[in-house]
Amino acid sequence: MLQSQLFTETTKETPRDEKSLNAKLLIRAGFVHKEMAGVYSYLPLGLRVLRKIQNIIREEMESMGGQEILMTVFQPRDLWLKTDRWSKGIGKDMFKCKLNRSEVGLGPTHEEIVTRILKSYIRSWRDLPKFVFQIQTKFRKELRAKSGLLRGREFDMKDLYSFHESEKDFERYYEIIIKSYHKILERCDLRAILTEASGKGFTASTPHEFQVIAPAGEDTIFYCPGGDFSQNKEVAKLKAGDKCPICKRILIENKSIEVGNIFPLGTKYSKDLGAYFTDKDGKKKPIVMGCYGLGPSRIMGAVVEIHHDSKGILWPKEIAPFQVHLIQLQKNPKVKKKSKNLYNALLKTGTTVLFDDRDDKSPGEKFADADLIGIPWRMVISERTLEKDSVELKRRDREKTELVKIRELLSFLEKYVQ
Ligand code: ATP
Ligand code: MG
């Protein structure tokens, strides 16, 4: 993409009411636009990152047999009355509006809808298990929305629901999901700590959160530095300074961001909504369910909270908006022509490139923009580098620059960039 054509620009200004670091950086670099507290539009650079995160999640979900669907945002009141959630629990956070003589809600979560859909198709044990997920905008009346993308009133969620014939089968799947969530988060360069969220112990019959340590986090966890124990403060029986019940090391306390949440639902929704199947012995039983949430937009905010420095963002390779930020340093015809050729050659190799071809910016401005935007590799082409038939390459997370001969660039890209 040509930076001269990009309709966004970097800016030093951020909205006065914006206190959150992730939002400030993302606004300044032109990834998102703030509409109101907890409500952000995604601009070209931001949408590329969000889509990459969603695609990593999609890939992992599909590899575990997940089938993607897209459910409605509108939620019928009558359905939510059946599970007694219209005015209770999450139902209290639901945006609602009048429609004729009834009301509809905007989906804050989708257990009701998904159970009613699957109920129409599952008849016997032969139809189970089933795994269904969606990636969609959710709406919640969050009381405080001061953490940028970490807490939106309108935000992106991947929600997966699993349907089983028995608790045992659910537990087997729960373990698979835990591994898959770690893999997804590692691909986004986030190290998550599996955390008990119920206080009932470390079993598949209780909810767990994936917590990422960060000062901006709204949660607090007590965890073992050895990685074998973690409890959310809200439910913790132990505290910082106590011994880890597993390895006896001392537990520490930290602020953290909940990026994922996995939950046994048991038969609550299947019973309330009449989702039964016939087991091997011909008996009618309620379907056992689990639900598994991940927040792509919160992950994007968490990555910025963790991977940044005083100059800007440092995107992890797999979710960066582009692989290379090519900078044409001067506007003399030779540099311009060589840069353009190189840009086209890079595109041919399948490399994604943001090409700073702007004539009206100084080298200093271009470097500052590149640091703020945070693409993993900066590739500078200038009179000086061309004297040596080279480009200057620099990783966003390193100080060191190196000259690489243009004819050797391809193998360099294959080795380091792609
Ligand atoms: P929290 O305790 O932070 O409010 P939650 O328990 O309400 O989270 P879930 O309902 O389990 O969250 O949602 C699943 C995932 O969706 C969360 O782990 C998080 O990644 C994301 N998420 C939830 N609420 C928000 C929000 N307001 N803004 C952005 N992402 C969110
Ligand atoms: Mg919540």
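Predicted model: local features only at pLDDT ≥ 70, side-chain atom pairs only at ≥ 80, totals over all residues.

Visitor: Which residue is the bridge partner of I213 in β13?
Guide: The partner of I213 is S256, which belongs to β13.

Visitor: How many bridges join β11 to β13?
Guide: Strand β11, residues 219-223, is joined to β13 by five bridges, and these two strands run antiparallel. Within this part of the model, Y223 stands opposite I252 of β13.

Visitor: And how do β13 and β16 run, parallel or antiparallel?
Guide: They run antiparallel, with six bridges between β13 and β16. One bridge pair is G266 with M289, the latter lying in β16.

Visitor: Let us turn to the open sheet of three strands. What is its order?
Guide: The order is β4-β6-β5, and the pairing is antiparallel. Strands β4 (74-76) and β5 (95-99) are at the edges; each has a single partner strand, so one side of each lacks a neighbour in the sheet.

Visitor: By how many degrees are neighbouring strands of this sheet turned against each other?
Guide: On average the turn is 40°, with direction ignored.

Visitor: How many bridges does β5 share with β6?
Guide: There are five bridges between β5 and β6, the latter covering residues 102-106, and the pairing is in the antiparallel sense. As one example, C97 has V104 of β6 as its bridge partner.

Visitor: Where do side chains point in a regular strand?
Guide: As a general rule, they alternate between the two faces of the sheet.

Visitor: Now for the helices. At what angle do α2 and α7 cross?
Guide: Helix α2 (residues 44-63) and helix α7 (residues 296-306) have axes that cross at roughly 115° and come within 9 Å. Their crossing is right-handed.

Visitor: Which residues make the contact?
Guide: From α2 come G46, V49, L50, I53, Q54 and I57, while α7 contributes P296, S297, I299 and M300. By class, the residues of this contact of α2 with α7 are seven nonpolar, three polar and no charged.

Visitor: What volume does the largest pocket have?
Guide: The largest pocket has a volume of about 1,200 Å³. Its lining consists of 42 residues, and those nearest the centre are R140, R151, E258, N261 and R298.

Visitor: Which elements give two or more residues to that lining?
Guide: They are β8 (154-164), β13 (252-266), β16 (288-294) and α7. Strand β13 supplies the largest share of the lining of the largest pocket, namely six residues.

Visitor: How many residues of that lining are charged?
Guide: The lining of the largest pocket has 17 charged residues, along with 16 nonpolar and nine polar residues.

Visitor: And what about the second largest pocket: how much space lies in it?
Guide: The second largest pocket holds about 420 Å³ of space. It is lined by 19 residues, and R191, A192, I193, I213 and G227 lie nearest its centre. The elements giving two or more residues to this lining are β9 (193-196) and β10 (208-213).

Visitor: How do the residues of that lining divide by class?
Guide: The lining of the second largest pocket has twelve nonpolar, three polar and four charged residues. I213, one of the residues nearest the centre of this pocket, is also the bridge partner of S256 in β13.

How values were computed. Residues numbered from 1 in each chain as written. Chains lettered and ligands numbered in written order. Heavy atoms only, no water. Axes fitted to C-alpha atoms, helices over the stretch in contact; angles between N-to-C directions. Helix = DSSP H or I, 4+ residues; strand = E, 2+ residues; numbered from the N terminus. Left-handed = near helix turned anticlockwise from the far one by under 90°. Contact = heavy atoms within 4.5 Å. Nonpolar A, V, L, I, M, F, W, Y, C, P; charged D, E, K, R; others polar. 1 Å grid on protein atoms, 1.4 Å probe; cavity = no way out; pocket = protein on both sides within 12 Å on 5 of 7 lines; lining within 4 Å. Points joined across faces, edges and corners; volume = space filled by probe spheres on them. Pairing = 2+ DSSP bridges.
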